[in-house]
Amino acid sequence: MDARLSVFTTHALWVVLATSLGITPPLVAQRRQQPAPTPHPPAARRRATAPAPIPSPRSVLGFEPGDDRKLADWPTLTRYYQALARGSDRVRYRELGRTTLGAPFVALVISSPQNLKRLDTYRLLNAKIADPRTLRSAGEGTGAVRDGKAIVLITSGVHSTEDGGSLAPVLLAHRLATDTSAATRVILENVILLLVPALNPDGVTLVTRWYNRTLGTPAEGSRPPELYHHYTGHDDNRDWYAFTQVETQLTVDSLYNVWHPQIVLDIHQQASNASRLFVPPYLDPIEPNVEPLLVDGVNALGSAIAWELAGLGRTGISINSTYDAWTPARAYEHYHGAVRILVEAASANLASPVEVPFDELASRARGYNPRERSWNFPAPWPGGRWTLRDIVTYQSDAAYALLGNAARYRDRWLATFLAVGTRAVRGWRGWPYAYVIPRQRQDSVALATLLGILRRGQVEIRSTLQPVTVGGQRFSAGSYVVVLRQPYAAFAKTLLEPQHYPDRRLYPGGPPQPPYDVTAHTLPLLMGVTAVVAPDSLKVPLSGPVDAPRATPGYPGFGAGEAPRVGVYRSYAAPIDEGWTRWVFDTWRVPYVSLADSTIRAGKLKEKFDAVVLPDQSPGELLEGLPTRIYPAPYGGGIGRDGVTELRKFVEDGGTLVALNDASRFAVEQLLLPVRNVLEGVADDEFYAPGSIFRLDLDPTDPIAKGMPEQSVAWFQDGPAFDVLDSSVVRVIGRYPTDPDKVLRSGWVLHPERVAGRAALLEVHLGRGRVVLFGFRPQYRGQSLATYPLLFNSLQVP
């Protein structure tokens, strides 16, 4: 790991102790004395119309947040927030835009009335701290820290089945709007809170309606039979660098990039059989471009929150467990000067309580044992009944504790924010000077997408005014340049460079320790865009910052009158990859129809479709679907044996079946195809690649590889790799390199020799039709533009 990321134990411990004991840490200016309360104006000068009363949650929702078996849909919640803003001079309601399905996407701004009147002033002060290049002197920076307010962003409800997240913000907002305690007054005076009560409003309503519909049935407390985000499901919280979804874009464009928060709290839920609440520090590994000062801040603040909640009698709190800080997909703030505090409360069955006896708690979790006391889990939960009220109490108490810390140490957080930006502008020893991205010989959509991501992430892009030579390659004038001496250089660097995930084992010589998410995020590889490292200054003049080019996605052969008839299987088990497939097709204007289980079982598929796509899904789930003992018709059951028969008939009649990643195993097993998955039954310590980028060698003469280079990439994540058993009916279109050392391009792989030289993309002829087997995800999270053509070409009628 980069030496910059060594753990600053002594410093972090001091900050934790200082924070919790009320000691002013070193180098922090003393807080100004609170001004005397402003006297009320004479009655004659007051407004003629009395303000609306501050509503209680019950008065609008019809119940107290946390009541068993009670949830609120998004229209009801927005009515409450609007009423709260009308009744309180501490709260402002803002609609930032519209969600994927057209619901209002909102934020609350909460602070003292005096601060709310001067929001523009504080926003401009914070913008200066965010970019130290705008400060005319050190004194101006000191003044901005002295006069500014801590900006805290709290986001909740991104994962809609974690439904405490839709109700805890109600409790927090009401408390801040009504409480007159000294602690709340300090928060309101020193903090400007941006509260996003739901990052996925569409899902709040979807889950609430499903829950209410199934109350008192075997399906009570079950997850809905569709993705709770229209396109991404759980991956809506994996979109914080690709910015594919409108909700992500609204949050970044309207809050992060305007207000530049110093602290971000993200409210979540986890499984019911482990800790009652997780707060940071995070587990290793930490992504090496995250500023060490932010790592210190995360460690200190998370530990302080845990300590404060323990003082309130909360048990079962774990720190330094479960969650790592490797991927930027969940942590935009780590590359924009802020600390990210993730809280994960134990779940119930949606709003239905659960009984969790102590001996049914997990006996082993990442970094601790939920049944044993340890340094990072000092007070185990004794087991028992766990309810929605417990969830929202832990979540809202954690949020209040965080706000109290931000208020008490407002000046320290602002000074840290300024220091992070200052160090980024100066540059880090050992970093290259820049990345050069040539304009010529690049796919226009991929280039526009990559540069658009960088610009949305506030990265400055310049262009060369003269030709430049880098690494023996000469690039024409007008080539794009990202100089790594700017406030958000770390965001650019982590997305442009290959990742080298450390080889981590559960114990020495043992199986691999899984990362919390994936291990690679190298956008030039995923998008097929050339980005060249420039170790030293380019010695050619550069332009000022430029905008990213624009391009409209589209692919030949899918226009009106020429597009194949495409069906996309939409399982009620709601695999995330199905949603991403729809998003890619909608974005690239590929016409399709969603196919339910009943449609496939009904047969006559060739009369309606030329190609059917099976998105990434396990073979068992594809065949059996959701359990019929829980889910009512038509949701229970999968494709079934009858559906398998009809899929085979569809192919034999001349159709194309396209199976993605794990769905390829289903096609091989159920259609008895003459190929073998060489990874079937292989243990993790014999082969492991948890979300990595592999090199892919292609046969460009095959129509499926039309327009592709001979060497590309494959996003490998829990997929198969193939041996051909009958070459007379099987054609290999793509395979991994025969040299094991050349398999991995970015991420982590153990024993690459298992897949070296094996087939990754096959076409199998069956009757008059064909089955196209992808051993990888060609449309991974809307990012792998380099392999989109393989998917689009596979749908074309041969």
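Modeller: A crossing is left-handed if the near helix is turned anticlockwise from the far one by less than a right angle, and right-handed if clockwise. By that rule, helix 5 and helix 6 make a left-handed crossing. The model is predicted, so local features need pLDDT of at least 70 and side-chain atom pairs count only at pLDDT 80 or more, while totals for chains, interfaces and linings use all residues. Residues are numbered from 1 along each chain as its sequence is written, and side-chain values use heavy atoms, with hydrogens and water left out.

Helix 5 covers residues 119-130 and helix 6 covers residues 138-147 (helices are DSSP runs of H or I, at least four residues, and strands runs of E, at least two, numbered from the N terminus). Their axes come within 9 Å and cross at roughly 135° (axes are lines fitted to C-alpha atoms over the stretch in contact, with angles from 0 to 180 degrees between N-to-C directions). The two helices are therefore oblique to each other (under 35 degrees is roughly parallel, over 145 roughly antiparallel, 65 to 115 roughly perpendicular, the rest oblique). On the helix 5 side the contact (heavy atoms within 4.5 Å) is made by Tyr-122, Leu-125, Lys-128 and Ile-129. Helix 6 supplies Glu-140, Ala-144, Val-145 and Asp-147. Taken together, the residues of this contact are five nonpolar, no polar and three charged (Ala, Val, Leu, Ile, Met, Phe, Trp, Tyr, Cys and Pro are nonpolar, Asp, Glu, Lys and Arg charged, the others, Gly among them, polar).

Within helix 6, Glu-140, Gly-141, Gly-143, Ala-144 and Val-145 are buried (under 20% relative accessible area; exposed is over 50%, partly exposed in between, with a 1.4 Å probe and protein chains only). These buried residues pack against helix 5 and also against helix 13, residues 410-426.

Helix 13 leads on to helix 11, residues 292-311: the two pack at about 155°, with their axes 10 Å apart. That makes helix 11 roughly antiparallel to helix 13. Leu-293, Leu-294, Gly-297 and Leu-301 of helix 11 meet Trp-413, Thr-416, Ala-419, Val-420 and Arg-423 of helix 13. This contact is made up of six nonpolar residues, two polar and one charged.

Now the charged pairs. The structure holds 40 salt bridges (a side-chain nitrogen of Lys or Arg within 4 Å of a carboxyl oxygen of Asp or Glu). One of them joins Arg-389 and Asp-67, at 2.2 Å from N to O. That pair links distant parts of the chain, 322 residues apart: Arg-389 lies in helix 12 (residues 388-408), Asp-67 in the loop between helix 2 (57-61) and helix 3 (74-87). Arg-389 is partly exposed, at 35% relative accessible area, whereas Asp-67 is buried, at 18%.

Glu-652 and Arg-648 form another salt bridge, at 3.1 Å. Both sit in helix 20 (residues 640-652), and because they are four residues apart they are separated by about one helical turn. Glu-652 is partly exposed at 30% relative accessibility, as is Arg-648 at 28%.

Asp-662 pairs with Arg-665 at 2.9 Å, and Asp-662 is buried, with a relative accessible area of 13%. Elsewhere, salt bridges with shared partners join Asp-131, Arg-133, Glu-460 and Arg-462 into one network.
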